[in-house]
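Trainee: I would like to go through this model piece by piece. Shall we look at it first?

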Amino acid sequence: MAEVKENPMGTRPVPRLVITTGIPLMLSLLICSLYNVVDSIYVSYVSEDALTALSLASPVQALMGALGCGIAVGLNAVVSKALGEKDEAQVRRAVAASLFLAGCAWALIAVAGVFLVRPYFAWQSGGNQVIAQYGVEYLSICMLFSFGQMGQWVFDRLVIASGRSTLFLFTLSSASITNIILDPIFIFGYFGLPALGTAGAAIATVVGQCVGCVAGYLINRRFNPATPISFTLRPEGKTLVAILRVGIPAAVMQGVVSVMGVLVNSLLIGFSTTAVAVYGVCTRVQNVVTVGVHGLDNGLIPIVAYNYGAGKRERIHQAIRWTLLYALLIFALFLLVLEGAPSLVLRAFDASEDMLAIGIAALRILAVSYLISTLGLVLAAVFQALGLGTYSLALTMIRQVILPLVLVVAVLPFQNLNLVWAAFVLAELLALPVGLLLWRRVNRQVISKIPQDGVLPAEPEKSMA
């Protein structure tokens, strides 16, 4: 019998493993973030109202992504742990269950797109009918045809969970490049096509997502035999619970953050529609500048989950330390750009003088909060990988929802936008001790009890009770 080759998650030197797993994810997420930025750049040349509409749509799109991400995170943790335990049957069941959940998520999003988009923009647009119309055209298409996005989440995470993150680069790149190519064609009406404005941006987005989904399916079929793909309408209940136990907190975590974005937009509209446009631009810039942290985090989850399943405690500690170091070094480069040349970033979005006046200070202040968030993001990923989704949810809720909302509301009476941006920095600072306390408890009660190259201890949620 041929010798089974050991998964690199459990054997490759950790400093190299973190980089080789994280860099393809960084590049893929960078491409993904860039095509969201490109959407906004192209649409900004339609009008500032169109850009504001995309800013208002952004939290809802993040909410859609939260459903897909929740399924993907749960799948990632379950499959990586099963691979560490060499349980091939559980891998197959997890893949089938995650595809079933992805279909359910698309159906829910599509129904919401039919009934809720118009009321949402009637509320968020502040009575501006032009903004509302732009937004309805864009978001309705994105929601009704989101099946490509949901499928792509699953197929991408399969290659990540099996340690083949370079393949993820090809699946997400295919979606991003397709979107970037089609954006100007549909938005401005090239090659004899009508100019569709924000609707054109939405069409380019969903076509790109479908291309990415198909590419993900084909790549997994051809190059990733460790995670065989199967479909079923009757997934195993125990496997569904295992995925949802990790995935629901992750989805709620991102979903609540998306709701936070909606609330912030509703507060900023009281200042001006330009303030909403600036916040939307800052959110998209944040997605780019924090790509190093998120890429490393996404790579860290399967590394920690695999080595937890394999009972390799020291590799878990090493992975966390190296992820933090790499994330801070990468982010420092982006920080220099945001602090040194914020006007150049804003002018890429055809910023007016009013937008520059608000946006330069916003970018410089919020850049500090992005830096401070590094530790919280890494710890949240560790908690997810260990199956402690509730810990990850609690930390993210405190960092990105409870503290920011309380502090933003507290400074509103001063009618100073700079204080609003500063509230996000203070929220990250106040959340740091919470993250460290949770980490000490997890390290003491879960990780420290893993015997080196021994048997896996009790389930973490039970051992933490």
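Trainee: Where is Phe191 found?
Mentor: First, the ground rules: this is a predicted model, where local features need pLDDT of at least 70, side-chain atom pairs count only at pLDDT 80 or more, and totals for chains, interfaces and linings use all residues. Residues are numbered from 1 along each chain as its sequence is written, and side-chain values use heavy atoms, with hydrogens and water left out. Helices (H or I, at least four residues) and strands (E, at least two) are DSSP runs numbered from the N terminus. Phe191 sits in the loop between α6 (165-188) and α7.

Trainee: Is Phe191 buried or exposed?
Mentor: Buried means under 20% relative accessible area, exposed means over 50%, and partly exposed lies in between (1.4 Å probe, protein chains only). Phe191 has a relative accessible area of 77%. By that cut-off, Phe191 is exposed.

Trainee: What is the phi of Phe191 near?
Mentor: Most residues other than glycine have a negative phi. Phe191 has a positive value, and it is not a glycine. Its phi is near 55°.

Trainee: Where is the place of Asp350?
Mentor: Asp350 is another non-glycine residue with a positive phi, near 55°. It counts as partly exposed, at 43% relative accessibility. Its place is in the loop between α12 (342-347) and α13.

Trainee: How many salt bridges does the count come to?
Mentor: Side chains of opposite charge can pair when their charged atoms come close. A salt bridge here is a side-chain nitrogen of Lys or Arg within 4 Å of a carboxyl oxygen of Asp or Glu. By this rule the count is 3.

Trainee: Which residue forms a salt bridge with Arg93, and how many residues apart are the two?
Mentor: The partner is Glu236, with the closest N and O atoms 3.2 Å apart. Arg93 lies in helix α3 (residues 88-124), whereas Glu236 is in the loop between α7 (198-223) and α8 (237-268). Arg93 is partly exposed at 32%, and Glu236 is partly exposed at 35%. The pair links distant parts of the chain: Arg93 and Glu236 are 143 residues apart.

Trainee: Which residue meets Glu314 in a salt bridge?
Mentor: The N to O distance is 3.2 Å. Glu314 is partly exposed, with a relative accessible area of 33%.

Trainee: Arg399 and Glu428 meet in a salt bridge; which helices do they link?
Mentor: Their N to O distance is 3.0 Å. The two residues are 29 residues apart, in distant parts of the chain. Arg399 is buried at 5% relative accessibility, and Glu428 is buried at 9%. The helices are α14 (residues 389-411), which holds Arg399, and, for Glu428, α15 (residues 417-445).

Trainee: Which helix gives the most to the nonpolar patch?
Mentor: Nonpolar patches join side chains of Val, Leu, Ile, Met, Phe, Trp and Tyr within 5 Å, from residues with over 30% relative accessible area and no salt bridge. This one includes Trp106, Phe115 and Leu144, and has about 780 Å² of accessible area together. Leu144 lies in helix α4 (residues 129-144). The most, 5 residues, comes from α3.

Trainee: How far apart in space are Leu386 and Val406?
Mentor: Leu386 is in the loop between α13 and α14. It counts as buried, at 2% relative accessibility. Leu386 and Val406 are 20 residues apart in sequence; C-alpha to C-alpha, the distance is 30 Å.

Methods
Patch = residues over 30% accessible without salt bridge, like charges linked within 9 Å, V, L, I, M, F, W, Y side chains within 5 Å. Areas by Shrake-Rupley, 256 points an atom, 1.4 Å probe, with all protein chains shown as cover.
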